Amino acid sequence: MRIFVLSGQSNMAGRGGVHRRRWDGVVPPEGAPDPSIQRLSAALDWEEAREPLHADIDTAKTCGVGPGMVFARAVLPCLQEGTSVEGARAGTGIGIGLVPCAVGGTAIREWARGERLYEQMVCRARVAARYGEIEAVLWYQGESDAESDAAAAAYRGNIERLIANVRADLGMPQLPFIQVALASGDKRNIEKVRSAQFRVNLPNVVTVDAMGLALNEDNLHLTTESQVKLGNMLAEAYIKNFLTTTC
């Protein structure tokens with residue numbers, strides 16, 4: 001199983017199709033379930049992945065469509081040779097395993113080593129790794145840090161420290177890390193956070209830019225259509241930068 005960790009805050013957890021705290025239930029065809037794509041539940045069981053991927057993880061908010069399923073379906077054809085549907089369902093074989101960890105409204109200080117969210121993410125990744133290889137961490141976070149001058153100024157150091165800690169704690173010093181540069185946030189500091197994201201100076205870190213993607217009426221969260229575009233952008237980044245086989 002090829003494993004991908006999904007982490008960060010609400011735009012990774014997914015708010016596509018969420019209006020007035022209710023999800024409209026619309027799943028785009030690009031994010032439809034596939035037996036070869038599994039998710040690790042909050043109870044640490046493998047099950048067929050379907051939207052909302054983070055419903056039992058980001059429990060304090062209403063979850064909708066995020067980028068994870070679209071990403072998985074986009075990279076699946078590149079990984080699928082030799083995949084056994086039965087093996088994927090059992091948590092073995094060469095299917096895709098998604099590990100949702102994102103929680104809305106969280107600042108990067110809440111993802112520091114020793115904090116609950118960080119330790120939960122690492123624990124879930126370790127459990128998933130019993131069934132296959134962790135291919136990458138997909139990370140979309142920073143809107144909460146744009147609300148503070150101090151947090152925005154410290155963002156680069158904090159995100160580089162988080163990446164280094166995750167790699168060390170998983171014993172994977174070259175673990176690919178694909179982050180998303182913010183599409184929304186406090187106008188005073190959003191460019192400071194975005195600049196910090198683009199200036200991360202670590203190997204095997206790739207940044208995709210969400211700026212310009214359409215937002216919900218709250219001007220903070222990506223629409224379902226935008227999440228489809230983002231999922232494909234993340235897939236393209238993974239395939240281009242980290243996939244060794246031809247696709």
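Reader: Do E4 and strand E5 (residues 46–48) run parallel or antiparallel?
Author: A caveat to begin: this is a predicted model with residues numbered from 1 along each chain as its sequence is written, and local features need pLDDT of at least 70, side-chain atom pairs count only at pLDDT 80 or more, while totals for chains, interfaces and linings use all residues. Side-chain values use heavy atoms, leaving out hydrogens and water. Strands here are DSSP runs of at least two E residues, and helices are runs of at least four H or I residues, both numbered from the N terminus; two strands pair if DSSP finds at least two bridges between them. E4 and E5 are joined by 3 bridges, and they run antiparallel.

Reader: Which residue in E5 stands opposite leucine 40?
Author: Leucine 40 points the same way from E4 as Gln38, while Ile37 and Arg39 point the other way. Across in E5, leucine 40 faces tryptophan 46.

Reader: And in E6, what is the bridge partner of isoleucine 37?
Author: E4 also joins strand E6 (residues 96–100) through 3 bridges, this time parallel. There, isoleucine 37 is partnered with isoleucine 96.

Reader: Is leucine 76 buried or exposed?
Author: Leucine 76 sits in helix H2 (residues 68–79). Leaving aside neighbours within four places in sequence, leucine 76 is in contact (heavy atoms within 4.5 Å) with Asp34, Ser36, Ile37 and Ile96. Because its relative accessibility is 5%, leucine 76 counts as buried.

Reader: How many residues are in the largest nonpolar core?
Author: A nonpolar core is a set of buried Ala, Val, Leu, Ile, Met, Phe, Trp, Tyr and Cys residues joined through side-chain atoms within 4.5 Å. In the largest one, the residues with the most contacts inside it are Ile96, Leu98, Tyr140, Ile159 and Tyr238. Not counting residues up to four places away in sequence, Tyr238 touches several residues, including Phe4, Phe71 and Leu243. The size of that core is 72 residues.

Conventions. Buried < 20%, exposed > 50% of the residue type's maximum accessible area, 1.4 Å probe, protein only.
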